[in-house]
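Please take a moment to look over the sequence and the structure shown below. The paragraphs that follow lead you through the model step by step.

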Amino acid sequence: MASFVRVCSKGNFVHNRYLATVNGKQVAIFQIDGKHYGISNVCARIAGPIIHGDLDKHGYAVCPWHGYRYDPKTGKAPGGSPERVETFSILHGASGAQVIRKEA
Ligand code: FES
C-alpha cells in the first residue's frame with residue numbers, strides 16, 4: 001500500500017518550487033503548468049542541490065553545480081543520457097496541501 005506524507009501547502013511554494021524532506025530524503029517539488037512533480041534533490045553526478053537550479057526552456061531542472069539536467073516528470077536526463085534521479089508522486093489535498101509518496 002502506498003505511503004503518503006503531508007509535506008507542505010500551496011503557500012509554501014516559492015518561485016514554483018519547494019524542498020521537502022521525506023523519510024530522510026530531500027525531494028525537489030516543482031510546480032509546472034498547475035501540476036506538481038517531485039524528484040530527488042540530489043544530483044546523480046556529485047550530489048548537487050537540484051532545487052537551486054533553474055528550469056531551462058525545455059522544462060528540465062538544471063543542477064546548479066555543473067549543469068546536469070533532469071526532467072521533473074520522469075527524473076531522466078535528456079537525449080538518452082543514463083543519468084537519472086528518483087521520482088516521487090504528488091497528490092493534492094482538499095486544503096491545497098501537497099502529499100508525496102515514494103515511487104516503487
Ligand atoms: S553535481 Fe549536479 S551537475 Fe555536478
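**A walk through the chain**

A47 is found in the loop that lies between strand 4 and strand 5 (61-62), where strands, like helices, are DSSP runs numbered from the N terminus, a helix being a run of H or I of at least four residues and a strand a run of E of at least two. Although A47 is not a glycine, A47 has a positive phi of about 70°. A47 counts as partly exposed because 13 other C-beta atoms lie within 10 Å; by the rule used here, a residue is buried if 20 or more other C-beta atoms lie within 10 Å of its own, exposed if 12 or fewer, and partly exposed in between, with C-beta atoms placed from the backbone.

Before going further, please keep in mind that this is a predicted model, in which local features need pLDDT of at least 70 and side-chain atom pairs count only at pLDDT 80 or more, whereas totals for chains, interfaces and linings use all residues. Residues are numbered from 1 along each chain as its sequence is written.

Seen as a whole, the chain has zero helices and eight strands, and the pattern read along the sequence is β-β-β-β-β-β-β-β. Of its 104 residues, 29% count as buried. Two residues are said to be in contact if their C-beta atoms, placed from the backbone, lie within 7 Å, and of the contacts between residues at least 6 apart in sequence, 37% join residues at least 24 apart.

Which residues touch the most other members of the largest nonpolar core? A nonpolar core is here a set of buried Ala, Val, Leu, Ile, Met, Phe, Trp, Tyr and Cys residues joined through C-beta atoms within 7 Å, and in the largest one, which has 19 residues, they are A28, I29, I39, I50, A61 and Y70. At least two residues of this core are supplied by each of strand 2 (17-22), strand 3 (25-32), strand 4 (35-40) and strand 7 (87-92), and the largest share, four residues, comes from strand 3. Leaving aside residues up to four places away in sequence, A61 touches A28, F30, I39, I50, G53, L55, R69, Y70 and P72.

Strand 3 also takes part in two pairings, where two strands pair if DSSP finds at least two bridges between them. With strand 2, strand 3 pairs in the antiparallel sense over six bridges, and A28 in strand 3 is the bridge partner of L19. The hairpin of strand 2 and strand 3 has two residues between the strands, and N23 takes a positive phi near 50° there. With strand 4, strand 3 again pairs in the antiparallel sense over six bridges, and Q31 stands opposite H36 in strand 4. This second hairpin, formed by strand 3 and strand 4, has two residues between its strands, and D33 in the turn has a positive phi of about 50°.

The loop between strand 1 (5-8) and strand 2 holds F13, and H15 lies in the loop between strand 1 and strand 2 as well. F13 counts as partly exposed because it has 15 C-beta neighbours inside 10 Å, while H15 counts as exposed because it has 10. F13 touches Y18 and Q31, not counting residues up to four places away in sequence, and the C-alpha atoms of F13 and F30, which are 17 residues apart along the chain, are separated by 8.6 Å. H15, a residue other than glycine, has a positive phi near 55°.
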